[in-house]
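Let's take a walk through this structure together, one region at a time. Please have the sequence and the model open as you read.

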Amino acid sequence: MTLYHIMKIKKYVNHAILYSLLILFGITMVFPFLWMLSTSLKDPSQVFTASLQLIPDPIVWKNYAEAWEAIPFGRFYMNSVAVALAVTLGQVLTSSMAAYAFSRLKFPGRDSIFLGYLATMMIPGMVVTIPVFILLKSLGWLDSYKALILPGVFSAYGTFMLRQFFMTLPADLEDAAKIDGCSLWRIYWQIILPLSKPALSTLAMFTFLGNWQSFFWPLVVTSSESMKTLPIGLSYFQDIYTTEWTLLMAGSIIVLVPALLVFILNQKFITQGIALTGLKG
Amino acid sequence: MARVILQNVWKRFGDAEIVKDFSLEVPDKEFCVLVGPSGCGKSTTLRMVAGLEEVTAGDIIIGDRRVNDLPPKDRDIAMVFQNYALYPHMTVYENMAFGLKLKKFSDPEISMRVKEAAEILGIAHLLDRKPKQLSGGQRQRVAVGRAIVRKPKVFLFDEPLSNLDAKLRVQMRAELKKMHERLQSTIIYVTHDQTEAMTMGDRICIMKDGSIQQVDNPLSVYEKPDNRFVGGFIGSPPMNFMEAEVIVRGEECFLNEGMFEIAVRRRYKDNVMPYVNKKLILGIRPEDIHDKLSFTLNLKEGNVMSGMVDVVEPLGSEIFLHVNTGKNEIICRVDAHSKVQPNNIIELVVDTRKIHLFEAETGCSILQ
Amino acid sequence: MSWVHNEAFVGYCFIMPNLVGFLAFTLLPVLASLIVSFTSWDLLSPPRFVGFKNFIDIFGFSLIPEAALASWTDYLFVWQYLTPKDPGFWQYLYNTAFLMLGIPFGMICSLFIAIVMNRKLRGIMFFRTIYFLPSISSLVAVALLWRWIYNPDYGLLNALLGFIGIQGPSWLTHPLWAKISLILMGLWSGVGGTNMLLYLAALQGIPQHLYEAADIDGANALHKFMHITIPMLSPTSFFIFIMSVIGGFQGGFQSAYLMTRGGPGGATTTLEYYIYNNAFKWFSMGKASALAWFLFLVILLVTMVNWKYGGKKVHYQYI
C-alpha cells in the first residue's frame, strides 16, 4: 500500500465518522417533528399506545379540518402578518432615516442623542414593558392593533445597526451626489437606500421573524380573540383543548409549516444575515 | 471666463488649522496642480472650492461670482474623486446622466451629451455596464466622463490617478492632458505625486502644513525652489541636502561641508557674503553631481568630493549611486555604463552652477 | 450660510419620527419605571409613594417570631433568626441561575456542530437546514411538542428510555427534572441556530495559513484545535457567552409559561416570570418595576464584570 492509498482510506473513515455524527444529530433534530406530524394524523385512540408507531394506521386527515374549525386560525394568521409587516415597514423606514442622520449629517446634539440610544440598548425589555403597558392602558389602546404595532416600530437596535452599515459607505459617493445636485433627502433616497439593500433586508427579515414569533407582548396587550396573533392563538388553543393531542399537533403543524417553508426558501439569506449582524451588530 | 480665485482662505476644524491664509488665482483655461505631502491641506482646499467644505474665512470666487455660500450644484464645477465615487447601483450611462437629470435636461440632450463624452473617452461600449464590471482604468474614464457631460466652468480632480497601477497612470496622465487641451477648461488638480504635478500642470502650487510654499511653472519650481521643502519635494530621487559652512579665502568664497569644499560662483557671492562663517544648507540635485572620470567640462580644483559607494541602483537608462562622503549620504546619477561597484571609492564633481543654498533656520533660498 | 443650517434642520427632520417613538416607548418609560418602583400601584386606585418599601419587600429579611435574642451571641449570629420577606424571590433567582447552566453545554454543542459543518462535505447544506429548523420554529409549537415528548406515561422520551430498561422520571412535575427538562428543550432548539452560525462564520474567518504554519511546526489535530481554533474563536465565544448570560437573566418566561406555568410549586419560575406575575397577574406595578430594575442592575454588573475580566483572556484576531 502506498502512502496515497493510506491517505485515501483515512479520508473515507474520517468521512464515515463525520456523516454518522451528522445523521445522528439530524435524527435528534427531525424525529420530534416527524413524531408531531405522525400524531397529528392519528386517531385519538391510538395516541397513547406506547409503541413507537411512526406511520399512523389509519391516517386521519380530518384532524386538520377539525383543528382549523376549532379556533379562528385564519384570523390569527392575518393578524400576525399584518402586525409583523407594519412593524417591519415602520422600523426599516424610521430606523434608516435616523441612521442616515446619525451617520452622515451634522447637527447639534447628534452624538449625545445617539449615545442615549446606545445606553438604552442594554436595558431589559421588562423595565420598559410595564410603563408602556400603563401608557397604552391609560390611552385606552390595549387590545388594539396600535398596541401590537407601535411599541415595536421604534428600535434603537435597528438604528444602531443601520448606522454602522451606513458608516461603511464611501463618503465620496455623497460628495459626488452633492456635486451632481442631490438634496440631502435625495441622497438618502437615491444613493444611501439603494446601496444598503443587504443591511435593510437583513434588518427587515429579523424584525419580521422577531415579530412573527413574538409572544410576551401580544400575550400582555391582547384579550379579545379577534386581536390574537398566531403564537397567542396557538397557546390559547392549547389551553382549551388540553389533552386532545391529535388536534393540538394538527394545529401546531398548521402554524409551523408555512413559516418553515418561508425559511427554507430564504435560508441562505437568513443564515448570512445572522453571520453579518451577529458579528458586526 | 472661468478663473478661480482664492483670497486669504482659512479652514479650521476646532483648534486645528488645516488651511492657512491661502491665496491663489487660477486664470481661465489653466491646468493648475496643488501638490504636497498627505495632510498638507490640498484636498481640503479643493473641497472648499467644490463647496463640500465650508470656508472658515476668506473668499472663493469662480468666474465673477463669490461662491462661498453656494451649494456645490450651483457652482458650475465638476469633480473627479480618488475612488471614482461611481454609484454602484447605476449603469455607466445612468452614472453619467444622473447630474444632468437632476438639472432637468431633456432626455435627448442628456443622451447626446453622454454619448459624446463616451466617444471622447472610448467607453461607448460600456454604457450598459455597472461599475463593478469595469476595470480600474475604465472606472477612471467613467468618472471623468461624468464630469465632462456637465460642461462645467471648472474641473476639480482629487488624486484621480492614485488608485491606478503605474503603467495605467502614465497613460491616463497623457489622456487627461489631451482632454484639457481639447476642452480648454480650467482645471484644479490635487495630487501628492510630484511627477504628476510636473508632467501635467501649467502651474504648480506646492503646499505644506496648510500654506503655499511656491507657485510657478514646473521648470521654475524645479530649477529655482523658493525653499528647502520645495527643493526636496520636487524631483526624484530628491535633492541632496548637507550642512556647509561659508568660508572666505582671499577673493574667493567657499562652502565647506567638512569633508570637501565647493567654490561659490562669483554671481552668487553677494548672496552668500552675509553668511560668512555661518552654516548654510547646500542642496545639490543628483544629476548635478558627476563621476569625475566622465566629467569633461572646465574642472576647478576643489569642487571634487570623494566617497565610498554604498548602493548601486541601475535603472537601465542611468544609474543612481548612494555615496557616503564620510559626513553625508548623497545620491548621484551617473552614466548607465559606469562600472562602479559597491565599496569602491569614487570621486565626484559638483556642477557649481546648479547648486542651491538655503538658510539653515528658515529653509528659505538665498539665491532668489 | 443658508445651506449649512439646512443640514442641521434636515438632520432633525430625519431623526424626528424615530426619536419621538424612542422617547415615548423607551426613554420616558425607563424613567417612569424607576418612579413606579417607588410606588404602590394596582392601576385601579392612584399610585401611592412608598419609598423603598418594594425593594425592602423583595430583598429584606425579618426576624422569625420565636427569636428571643437574649444574649449577645444571639445578636452575633442573628442571621440564624432571619427569614426572607419574600422567599419566592430567592427561589426564582436560584431558578434563573440554574437554567443558565445550559449555556456552556449549548456553546460546546454549537461549536462542535459548527466544526463539522465547516468541513466541505457533500450535502452539508441539507444538514444545516435541518439543524436550524428548531430555532426558527414557533416556540409555542415546540413547547407543545416537548410537553408531549416529556409526558411521563405516553411520551416519546420515557418510551425510548423504557426500551433500554430505564424507568423515566415524571419530567415536568418534579421540581428538579422540570428545570432539566426546560434546559434540554432549550438545547435542542438552540444548538443548531444562531450561535452555531456565528461559530461557523468565525471558523471560516480563521486564516488557513495559520494551520499551514502549524503543520510545518509539526502540530497534530488536537494541538491545532487547542492552540489555533480555540484562541481564534475566543472573541466569538466571548460575545456569545455575554449575550447568553444577559438573555438568561431576563428570560425563561415563555418556555416555562408554555410548559409548566412556572410549576411545580414555582420550580421553573424565573425572574422574568415573577415580574410578569407581579405586573400582569397581580397588578402590583410597583413591585414589578422594582424587580425589573433589579434585573437591569444585575445585567449591568454582569456585563461590566465580563468586559473587565473576560476581555483579557480574549485573543483578538490580528489584521
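Predicted model: local features only at pLDDT ≥ 70, side-chain atom pairs only at ≥ 80, totals over all residues.

Axes here are lines fitted to C-alpha atoms, for helices over the stretch in contact, with angles from 0 to 180 degrees between N-to-C directions. Helices are DSSP runs of H or I with at least four residues, strands are runs of E with at least two, and both are numbered from the N terminus. The crossing of α13(A) and α7(C) is left-handed, that is, the near helix is turned anticlockwise from the far one by less than a right angle (clockwise would be right-handed). From α13(A), the contact uses A:Trp245, A:Leu248, A:Ser252, A:Val255 and A:Leu256, and from α7(C) it uses C:Ala141, C:Leu144, C:Leu145 and C:Trp148; contact requires C-beta atoms, placed from the backbone, to lie within 7 Å. Sorted by class, these are eight nonpolar residues, one polar and no charged ones.

Now step back to chain A as a whole. Its secondary structure comes to 14 helices and zero strands. The radius of gyration is 25 Å, well over the 19 Å that the globule rule gives for 281 residues, so chain A is more spread out than a compact globule. That radius is taken over C-alpha atoms, and the rule is 2.2 Å times the number of residues to the power 0.38. Along the principal axes, the C-alpha atoms of chain A fill a box of roughly 75 × 75 × 35 Å.

Within chain A, helix α4 (residues 110-120) packs with helix α7 (residues 156-168) at about 120°, with axes 9 Å apart. α4(A) and α7(A) are therefore oblique to each other, and their crossing is left-handed.

Chain B brings us to strands. Residues 4-13 (β1) and 16-26 (β2) of chain B pair in the antiparallel sense over seven bridges, where pairing needs at least two DSSP bridges. β1(B) and β2(B) form a hairpin with two residues between them, and B:Gly14 in the turn has a positive phi of about 60°. B:Phe13 stands opposite B:Ala16 in β2(B).

Further along chain B, five strands form an open antiparallel sheet in the order β13-β12-β11-β14-β20. Its edge strands are β13 (261-263) and β20 (356-359), each pairing on one side only. Within chain B, β11 (residues 240-249) is joined to β12 (residues 252-256) by five bridges, and B:Arg249 stands opposite B:Glu252 in β12(B).

Another open sheet of five strands in chain B has the order β15-β19-β16-β17-β18, with antiparallel pairing. The twist averages 50° from one strand to the next.

How values were computed. Residues numbered from 1 in each chain as written. Chains lettered and ligands numbered in written order. Contact = placed C-beta atoms within 7 Å. Nonpolar A, V, L, I, M, F, W, Y, C, P; charged D, E, K, R; others polar. Parallel < 35°, antiparallel > 145°, perpendicular 65-115°, else oblique.
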